[in-house]
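My notes follow in the order I looked things up.

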Amino acid sequence: MSGLDREIHVYSLNVAHFLYDYSRCFWSLLADDERERASRIKHQETQQCFVLVRSCLRSLLGRYLSCDARSIRFALGEKGKPRLAGLEPDRGLVFNVSHTGNFGLIAFASDTALGVDVERRRPMTDMDGIAERCFSAGELAHWRALPPDRCLQAFFDYWCFKEAFVKATGQGITLGLESCVVDLSRQPRMDLIPNSYGNPDEWQVAEIDAFADHSAGICYRGAERKLRHFDEEALVNILFTDVTHRGPE
Ligand SMILES: CC(C)(COP(=O)(O)OP(=O)(O)OC[C@H]1O[C@@H](n2cnc3c(N)ncnc32)[C@H](O)[C@@H]1OP(=O)(O)O)[C@@H](O)C(=O)NCCC(=O)NCCS
């Protein structure tokens, strides 16, 4: 399927680049429950980000599966991870989404466990305390030994890779960010994970260089695959074709 048996596809988008005048069109791609959920989000930027990212997700899924973006149905895992539902066959297509502020990331793969995370690198008052709670002794030692100008980025890099792992498992933060250990000393890699998820070597982590002043990471299970990163230009045409095509009433 579009190289997804050997590749991971990542799409990044900045909501601010999409004209707000068009935002009502994006709502038209959503299912009733998604529209209800969106209307409950009071913070405008968060609402617009959810609507745009979800409509992009639908449009892209529609392309991968050759079906109408509006016909896609989602089911939620035990801890809320969305997956495709009721599609026969879904060709093993898996996806994961992350958003922060105006920025969204959507990743696709086939037949694996997949998680993504993006975080804005911002100073936090209790960064050291958070690191003590969420980092292993080795991670903490490595992080504390870094020169001060590299600490902020390294903190959020650790955070993103760990969160991408717990999202790949579907457990999310209930698994605990401290449950996995990442080695950032050279090429990022998983060093330790809970036994039930196999051997750390069976998992891959990679940086996504998508947005300035943000850390972003992806984690998936299996042998290393080629990471293809598409920017918004690839998305705009797909999305606008879908929103201007009204689909079956
Ligand atoms: C998933 C989770 C890590 C998100 O953290 P975050 O940094 O706030 O948000 P992100 O933007 O990175 O990710 C959000 C996206 O992850 C996906 N997601 C939700 N739950 C997920 C899970 N358990 N595993 C993987 N992905 C999940 C969704 O697609 C969501 O975006 P959407 O709702 O717009 O589709 C966090 O909410 C979590 O751990 N949830 C599970 C535990 C929980 O509290 N569950 C309550 C509901 S059962």
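Predicted model: local features only at pLDDT ≥ 70, side-chain atom pairs only at ≥ 80, totals over all residues.

**Ligand**

I started with Lys-167, where a polar side-chain atom sits 2.8 Å from an oxygen atom of the ligand. Next I checked Ser-98, and an N or O atom in the side chain of Ser-98 is 2.8 Å from an oxygen atom of the ligand. Ile-173 uses its backbone instead: a polar backbone atom of Ile-173 is 2.6 Å from an oxygen atom of the ligand. I then listed the surroundings and got 20 residues around the ligand. The closest are Lys-79, Ser-98, His-99, Lys-167 and Ile-173.

**Domains**

I looked up how the chain is divided. Domain 1 takes in 1–112 plus 223–249, and domain 2 covers 117–221. The contact between them draws 22 residues from domain 1 and 21 residues from domain 2. Their centres, taken over C-alpha atoms, are 25 Å apart.

How much area is buried between domain 1 and domain 2? I got about 1700 Å², with carbon and sulfur atoms giving 64% of it. On the domain 1 side, Lys-79, Phe-103 and Leu-105 lose the most area to domain 2, together 27% of what that side buries. Lys-79 had already turned up in my list of the closest residues to the ligand.

Polar contacts did show up, with 7 residue pairs between domain 1 and domain 2.

Which strands supply at least two residues each of the domain 1 side that touches domain 2? I noted S1 (7–14), S4 (93–100), S5 (103–110) and S11 (226–230). S4 gives the most, with 5 residues. By type, I sorted that side into 9 nonpolar, 8 polar and 5 charged residues.

**Salt bridges**

For the whole structure I counted 15 salt bridges. One I opened up is Asp-242 with Arg-63, where the closest N and O atoms are 3.3 Å apart. Asp-242 lies in helix H7 (residues 232–244) and Arg-63 in helix H3 (residues 44–65), so this pair ties together parts that are 179 residues apart in sequence.

Definitions and conventions: Residues numbered from 1 in each chain as written. Heavy atoms only, no water. Domains from an automatic or database assignment. Contact = heavy atoms within 4.5 Å. Buried area = accessible area lost by both parts, 1.4 Å probe. Polar contact = N/O pair within 3.5 Å; in protein donor to acceptor, adjacent residues only side chain to side chain. Helix = DSSP H or I, 4+ residues; strand = E, 2+ residues; numbered from the N terminus. Nonpolar A, V, L, I, M, F, W, Y, C, P; charged D, E, K, R; others polar. Near = heavy atom within 4 Å. Salt bridge = Lys/Arg side-chain N within 4 Å of Asp/Glu carboxyl O.
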